[in-house]
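Here's a quick briefing for anyone opening this structure for the first time.

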Amino acid sequence: MDSVKGFSKLSKEEKLAWLSRSLGDGSGTVPSLLSSFWHPDENRQKAFEDFSENTLSNFFLPFGLAPNFLINGKTYAVPMVIEESSVVAAASKAAKFWLERGGFKARVLKSTKVGQVHFLWQGSMDRLLAFFERVRSSLLEELKPLTKRMERRGGGITGLRLLDKTQELPGYGQLFVEFETCDAMGANFINSVLESLGRRFAEKVRACEGFSSKERQIEIIMGILSNYTPDCLVSVKVDCPVSDLGAPKSETSGEELAKRIKAAVDIARVDPHRAVTHNKGIFNGVDAVVMATGNDFRAVEACGHAHAALGTGEDQDQEGEGMRYRGLTRCVVEGGHFTLSLDLPLSLGTVGGLTSLHPLAELSLEILGRPGAKELMMIAASVGLAQNFAALKSLVTTGIQRGHMKMHLLNILNMLEADDFEKERVKAHFVDRVVTFSEVRRSLKALRECQ
Ligand code: MEV
């Protein structure tokens, strides 16, 4: 593709024309495809374009609903945005299964968000630490114009420390800040506070006559929130007597199922290759809720995977083998009782950001009964756990492909441009057969030939 200058300054139509030219699309197929996905209401379309830059169109993803989620005694229908077939079906199936077995029991353990001001300092860190303790309260006071609204809502800065990081990197220090941001994810609030804090701290150091001229040259490198929030933690579990685990018509007994699910969870706790896939399944559920509610799934994923690698105190390797990436769920089968649980750091918001700009994110929150951030953390984690349970249950019994390919059948039929009649006939054909792309194509061809 050709390089281009000033692309962002072009109008949307000019951008489309440039793309079309660059692709050698003489008949204008590309612009008409892209414009066919524009929202018919111009204002709404404009609002979507303004979320990002150089927007040419909208990229659709399915918005679905997984009903029957019983969480802490309350029933939810959970909106999920995901393109992968069988995820919403699996979540719904697991929700229904646990609805009849006490549901999901969730609690938020902590809700602390984190930010850091990273700096370089050529002097004794002990002297800087002593100076920081002297100016600490005035720094907090000077940040009041930025923090007072959040304080009125019950949040604000809950911790401020200077960390000596010179052992890790010469001259490196950090202001480590903890926040409570109530129902907001709080990224903008945190970053504004950190940038101001960095500037004010540097001003105070530069004005301090006790420091040498070299020491006064403190260099603030950056102030930014950390997406690693191990102290913004939700815990969720499902449990039942082992004998209740097997479904009435299932070939596998509750005892056998419990044993096999536990083995699968334990394998993910010792083998990183399996752990990544195990956790990917959990995030199939979590991300779909995070997306539907207009939250930041990249932040949630990055944090979840860091947690899977760094763990909590009790996860740290006892035998000195170093850090290991692990599955995020745990399974206990004891005294005839089965428990599957998940501890996940999740930083979510139900006010501000896209949650109030995207009409479907707003609707998702409405469907969920306008939860606060903590309630949303419990819902998203429950869907993650449901997804893990559903995936493991299939994996250790029938295998994942049977259900997955059944759901994928429709995608294959759409790819092969089957009409409604053909879809119904081919779906009926595959009710008790294994779905593969070539078998579906063969069956469709046979159907077309005898029509
Ligand atoms: C597929 O998207 C997710 C699974 O691979 C998860 C797992 O293996 O646990 C089925």
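This is a predicted model: local features need pLDDT of at least 70, side-chain atom pairs count only at pLDDT 80 or more; totals for chains, interfaces and linings use all residues.

A polar contact is a pair of N or O atoms within 3.5 Å.

**Around the ligand**

- The residues around the ligand are Glu-84, Arg-274, Thr-277, His-278, Lys-280, Gly-281, Asn-284, Ala-391, Leu-395 and Ile-400.
- Arg-274 has a side-chain N or O atom 2.7 Å from an oxygen atom of the ligand.
- For Asn-284, the distance from a side-chain N or O atom to a ligand oxygen atom is 2.9 Å.

**The nonpolar cores**

- The largest nonpolar core has 61 residues, and Phe-69, Phe-338 and Leu-346 are the ones touching the most other members.
- Helix H14 (residues 373–395) gives this core its largest share, 12 residues.
- Apart from that core lies another one, with 28 residues, including Phe-132, Phe-179, Ile-190 and Cys-208.
- Who does Phe-69 touch, leaving aside residues up to four places away in sequence? The list runs Lys-74, Thr-75, Tyr-76, Val-78, Ala-91, Ala-95, Phe-104, Ser-382, Val-383 and Ala-386.

**Helix H14**

- H14 is mostly covered, with 17 of its 23 residues buried.

**Ser-92**

- Ser-92 sits in helix H4 (residues 87–99).
- Is Ser-92 buried or exposed? Ser-92 counts as buried because its relative accessibility is 17%, and the cut-off for buried is under 20%.
- A polar atom of the Ser-92 side chain lies 2.7 Å from the backbone oxygen of Val-88.
- An α-helix has 3.6 residues a turn, so residues three or four places apart point the same way.
- Not counting residues up to four places away in sequence, Ser-92 touches Leu-65, Ala-66 and Pro-67.

**Cysteines**

- How many disulfides turn up in a search of the whole structure? The search finds zero.
- Cys-182, for one, is in no disulfide: the nearest cysteine sulfur belongs to Cys-232 and is 12 Å away.
- Cys-450 is exposed because its relative accessible area is 62%, and exposed means over 50%.

Note on methods: Residues are numbered from 1 along each chain as its sequence is written. Side-chain values use heavy atoms; hydrogens and water are left out. A nonpolar core is a set of buried Ala, Val, Leu, Ile, Met, Phe, Trp, Tyr and Cys residues joined through side-chain atoms within 4.5 Å. Buried means under 20% relative accessible area, exposed over 50%, partly exposed in between (1.4 Å probe, protein chains only). Helices (H or I, at least four residues) and strands (E, at least two) are DSSP runs, numbered from the N terminus. Contact means heavy atoms within 4.5 Å. A polar contact is a pair of N or O atoms within 3.5 Å; within protein, one must be able to donate a hydrogen and the other to accept it, and residues adjacent in sequence count only if both atoms are side-chain atoms. A disulfide is a pair of cysteine sulfur atoms within 2.5 Å. A residue is near a molecule or strand if one of its heavy atoms lies within 4 Å of it.
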